[in-house]
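Please examine the structure shown below before reading on. The paragraphs that follow lead through it step by step.

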Amino acid sequence: MIPELGHYALVLALVMALAQASLPMIGAARGIRPWMQLAKPAALAQFAFVAFAFLALMNAFATSDFSVAIVTQHSHSQQPLIYKLSGTWGNHEGSLLLWVLILTIFGGLVALFGENLPPRLKARTLAIQAMISIGFLLFMLLTSNPFARLDPAPLEGEELNPLLQDPGLAMHPPMLYLGYVGFSIVFSFAVAALIDGKVDAAWARWVRPWCLLSWTFLTGGIVLGSWWAYNELGWGGWWFWDPVENASFMPWLIGTALLHSALVVEKRDALKSWTILLSILTFGFSLLGTFLVRSGIITSVHAFAQDPTRGVFILALLTIAIGAPLTLYALRAPTLRGGGLFAPLSREGALVMNNLLLATMAATVLLGTLYPLLLDLTTGGTVSVGMPFYAATFIPLALPLLLLMAIGPFLGWKRGDVKGALQRLIAAAIAALGAAIIAIWMKTGGSLLAPLGLFAGVWLLVGTAIEFMERVRLFDRSAARILTRMRHTPRAAYGMSLAHFGLAIAVIGMTGAAAWKTENIKVLRPGESLSLQGYEFKLDKVGGVRGENYLADQAHFIVSSGGNVIANLYPERRQYLVQPMPTTEAAIRSTPLADLYAVIGEPDGKGGWTVRIYHEPLVSWIWFGALIMVAGGLTSLSDRRYRVGAPVRAGATQTAKA
Amino acid sequence: MRRLLFLLPILIVAALVAAFWRGLDPARDPSALPSALVGKAAPAVDLPGLAEGAPRLNLAAFKGKLIAVNFFASWCLPCRAEHPFLKQLTAEFGVPVIGIAWKDKPAASRAFLAELGDPYAATGADENGRTGIDFGITGVPETFLVDQNGIVRYRLAGPVTPDGLQNALAPAITEARK
Amino acid sequence: MSRAFVMLAVLWLGMMPALAQEAQLSDPTLEQRARDLSREIRCVVCQSQSVADSDADIAREMRTMIREQIAAGKSDADIRDYLVARYGDFVLFDPPFKASTYALWIGPFAVLVIAGTGVVLYFRRRAQEPVRTRALNAEEQDRVAQLLREKEDGA
């Protein structure tokens, strides 16, 4: 009964979305206030219905209701509760429902907290948001009904994919979707502004918190996915340039560009049409990712039996959702004129360079992701685009961006003093050079990656620190004055410093992990040992252990360095209830300097076990840095100026001290 | 000029959508890896015979005949499924099938053939799998059509099915016999 | 979309770490070469995984083959050519620079140059445009005065 109610709620949500998409839009065009005001209750009702449907599905998973088809396919009665719940979005239909839920959450939030928005803009924004909902609700109801029943219901389910039974992955999709789908509201704001024909500083300020919120979630989501891959896949990697990873990385790159270009709109009344374009494209890339993953157009068909109608449906959705706004853009954008002089050597000039590089990076990832497909379609040829391609194209674009990131914040709006900025960055340059020299000394004859990466990372780290210290004039003799200045520094400025600082740390981590990772592999019998980077891994024993829904062979390694035992590692090789393939559970000892990572493989049948160990310097800096970036996003978001009631169109001139 | 610039995004998107539309063709298998060997000489095969006391398997012995080279293994389930159609390939199209047991213990392969019947004109044991890599296989089963001059004409990855036999192999055989 | 889906898709295709242990070459430099080379060769049945990292049958076989050929004195280029002749450019993670990949390799730099030119033109145009200013309203004038006072206090 509950699943049917859930299904019915989706139909009602569709009805609400239809009302929300049409009446307020017409009302805004004709100036009919009550029609415009309908957007708010409609958005809230739509959210309520979708939320009900989501809870209904979650309930089916929690109670292992195997009469619901996707519960049977992706759950098992003996699974721990957390993985029963996360199974709700561990499949195509359920994750689509999560998608729509987040779409309506953002619509509902704007409806609730957008009291200060001009009524027309608000009505149009919510109407556009509802149009996206209509597309996805139709997609779900017509091709991917999450509540489809099985009759007779099987007695037991087929279990959630063991690789997904990991706390990191339980949280990864919701977080990622909050980011990815969150950009839908920015998109809606942009399209509404195009219809309105008006983009100004106030618009940029209204959009900024939504953009920041989505960016923060997206950053967190991508990193959770990366962390999960590192922990769960058992080969010590954290980024593979896989098409699906790229699908989430492209909106991040464009969204980051958007976050910065919107600042220029806000402060300098320029880059308007470009910012609108980025707003459309960020969500466009989210839709592209959805299409690539769910249509089966690039992933392997071996295990993902695809319903071709789904691919066609999403492609149609993508075409309308991106094609229509871009057509409108081609018509309207030329009329959006910015004002004011624009000097290349200024804060806004630096932000333009930032956008140029980020957009090119996104184009590079797009080209690399789609090239195999495009080549196959045009000539039938095959090609693989992997790490070496991105190392040769992406990194050369990232390095200047990192260098620029330290300089930009020193430059003033309108006219920046580049020479002065560079002078203040001398300490950063010295520190960076020192790090690069250490990198060369540590690995003679190695590639340029380590010294260049460390140079950029340390430069940005120290540069950001200097900028912050100068802002509050940390070396003032009066502590009280420092505190006053710290209090008066806007949260947004703290946010920027934190985010840049976090990225610097993550870059140092990526460089270390990519350049200095080492590994060793051997068949060991209990009592034998294997060494790597001066660490001795002794296999003490391998024993059987029983988990809640799996059996495992658990190895015990005694890790010692210079004769002292420093860690005990217990990697496992798990066999879950239903799924035939064993999974590996890596054991990791993490320290700020390096991770020790051990995996155990198949027994050789002669009393030995294949053992693989990795030494990954600085890898934990990646997660730590990303955490700081997320903290930066949240700090910026808490800035008073973005709160309810703060932005008012004419009064939008109060400038940050930034 | 300035107007054209604003048209650029929609034009790029239109081109991509057109490409995706073609890519969604249900007949297209995104994971299929076309063989680089088609149109080139088949690699030399010189393997121990599979049957006990059988002579070594050498493809050169079949020069002048259109043959099919089929890689199989006793541990491979689809190989079981395609078994009857291999017989059909010889019976209906007159193409002798050479079986190569890939990465399989000869005793196990022999038992497999004893159980299901032996559809092959000749068999060889590729225990270390090197001949398979010479042919560029990605797994078993795979079937290659090698013409009278020893040129690879067609490669079928995966099991031979009635559909594959009629719509893929049959035209390739006709083409090769021209 | 979440990586979850690709995982679902490729799970049984060898998204497993390579844990099979083949005989290693006794010469450590040759063994190192074999390992480095197998990291450049893509596992033909996996997603984004090199033969060094994959546990799929065919990947295991290719690792052994690479070791044998290195032991037999073949150069890395010979082995790459051997594999490309059989599997096409698909097996190389590093796409070769040739007619079919010119667009791939040149694309990013072309985008940078074209967009960079656009930026330069934009700066030029904007530098010539007359400055359009409007008078500050009362509230803004107050704010300016306040900021100036703060600045004096702080200095």
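**A guided reading of the model**

Leu618(A) is buried, because 24 other C-beta atoms lie within 10 Å. The model that contains this residue is a predicted one. Leu618(A) is placed in the loop between strand 10 (609-617) and helix 20 (619-637) of chain A. Its backbone deserves attention too: the phi of Leu618(A) is positive, about 65°, although the residue is not a glycine. Most residues other than glycine have a negative phi.

Trp241(A) lies in the loop between helix 9 (201-232) and helix 10 (243-268) of chain A. Trp241(A) is not a glycine, yet its phi is positive at about 55°. Is Trp241(A) buried or exposed? There are 20 other C-beta atoms within 10 Å of Trp241(A), and therefore it is buried. The cut-off that this step needs is 20 or more such atoms for a buried residue.

Helix 11 (residues 272-295) of chain A is followed by Gly296(A), whose phi is positive, near 75°. The helix itself consists of 24 residues, and the distance from its first C-alpha to its last is 34 Å, close to the 34 Å expected at 1.5 Å a residue. How many residues of helix 11 of chain A are buried? The count is 24 of the 24 residues, so helix 11 of chain A is largely enclosed by the rest of the structure.

Ile105(A) belongs to helix 6 (residues 92-113) of chain A. It counts as partly exposed because it has 18 C-beta neighbours inside 10 Å. Ile105(A) is 274 residues from Thr379(A) in sequence, and their C-alpha atoms are 44 Å apart in space.

The next topic is how helices are arranged relative to one another. Two packed helices are described by the angle between their axes and the distance between the axes. In chain A, the axes of helix 1 (residues 2-30) and helix 3 (residues 39-62) come within 8 Å and cross at roughly 160°. Because of that angle, helix 1 of chain A is roughly antiparallel to helix 3 of chain A; the cut-off used here is an angle over 145 degrees. The crossing of these two helices of chain A is left-handed. Where helix 1 of chain A is in contact with helix 3 of chain A, the residues divide into 22 nonpolar, 4 polar and no charged.

A further crossing involves two chains. The axes of helix 13 (residues 347-378) of chain A and helix 1 (residues 2-23) of chain B come within 10 Å, with a crossing angle of roughly 70°. That angle is why helix 13 of chain A is roughly perpendicular to helix 1 of chain B. The crossing of helix 13 of chain A and helix 1 of chain B is left-handed.

Chain B also holds a helix with a bend. Helix 2 (residues 77-93) of chain B has 17 residues, which should span 24 Å at 1.5 Å a residue; its end C-alpha atoms are 25 Å apart, and so the two values agree. Where does the kink in helix 2 of chain B lie? It lies at His83(B), shortly before the proline Pro84(B), and amounts to about 40°. The buried residues in this helix of chain B include His83(B), together with Cys79(B), Glu82(B), Leu86(B) and Leu89(B).

Pro78(B) is also part of helix 2 of chain B. With 15 C-beta neighbours inside 10 Å, Pro78(B) is therefore partly exposed. Pro78(B) is 63 residues from Pro141(B) in sequence, and their C-alpha atoms are 7.0 Å apart in space. Pro141(B) lies in the loop between helix 4 (130-134) and strand 6 (142-146) of chain B.

Peptide bonds form the next topic. Most peptide bonds are trans. The bond that joins Val140(B) and Pro141(B), however, is cis, with an omega of about -5°. In chain A, the peptide bond from Asp151(A) to Pro152(A) is cis as well, its omega being near 0°. Pro152(A) is located in the loop between helix 7 (119-143) and helix 8 (167-196) of chain A.

Finally, there is chain C. Its secondary structure comprises 6 helices and 0 strands. Of the 155 residues in chain C, 39% are buried.

Methods. Residues are numbered from 1 along each chain as its sequence is written. Chains are lettered from A and ligands numbered from 1 in the order in which they are written. This is a predicted model: local features need pLDDT of at least 70, side-chain atom pairs count only at pLDDT 80 or more; totals for chains, interfaces and linings use all residues. Axes are lines fitted to C-alpha atoms, for helices over the stretch in contact, and angles run from 0 to 180 degrees between N-to-C directions. Helices (H or I, at least four residues) and strands (E, at least two) are DSSP runs, numbered from the N terminus. Angles under 35 degrees count as roughly parallel, over 145 as roughly antiparallel, 65 to 115 as roughly perpendicular and the rest as oblique. A crossing is left-handed if the near helix is turned anticlockwise from the far one by less than a right angle, and right-handed if clockwise. Ala, Val, Leu, Ile, Met, Phe, Trp, Tyr, Cys and Pro count as nonpolar, Asp, Glu, Lys and Arg as charged, and the others, Gly among them, as polar. The expected span of a helix is 1.5 Å times one less than its number of residues. The bend at a residue is the angle between axes fitted to the seven residues ending there and the seven starting there. A residue is buried if 20 or more other C-beta atoms lie within 10 Å of its own, exposed if 12 or fewer, and partly exposed in between; C-beta atoms are placed from the backbone.
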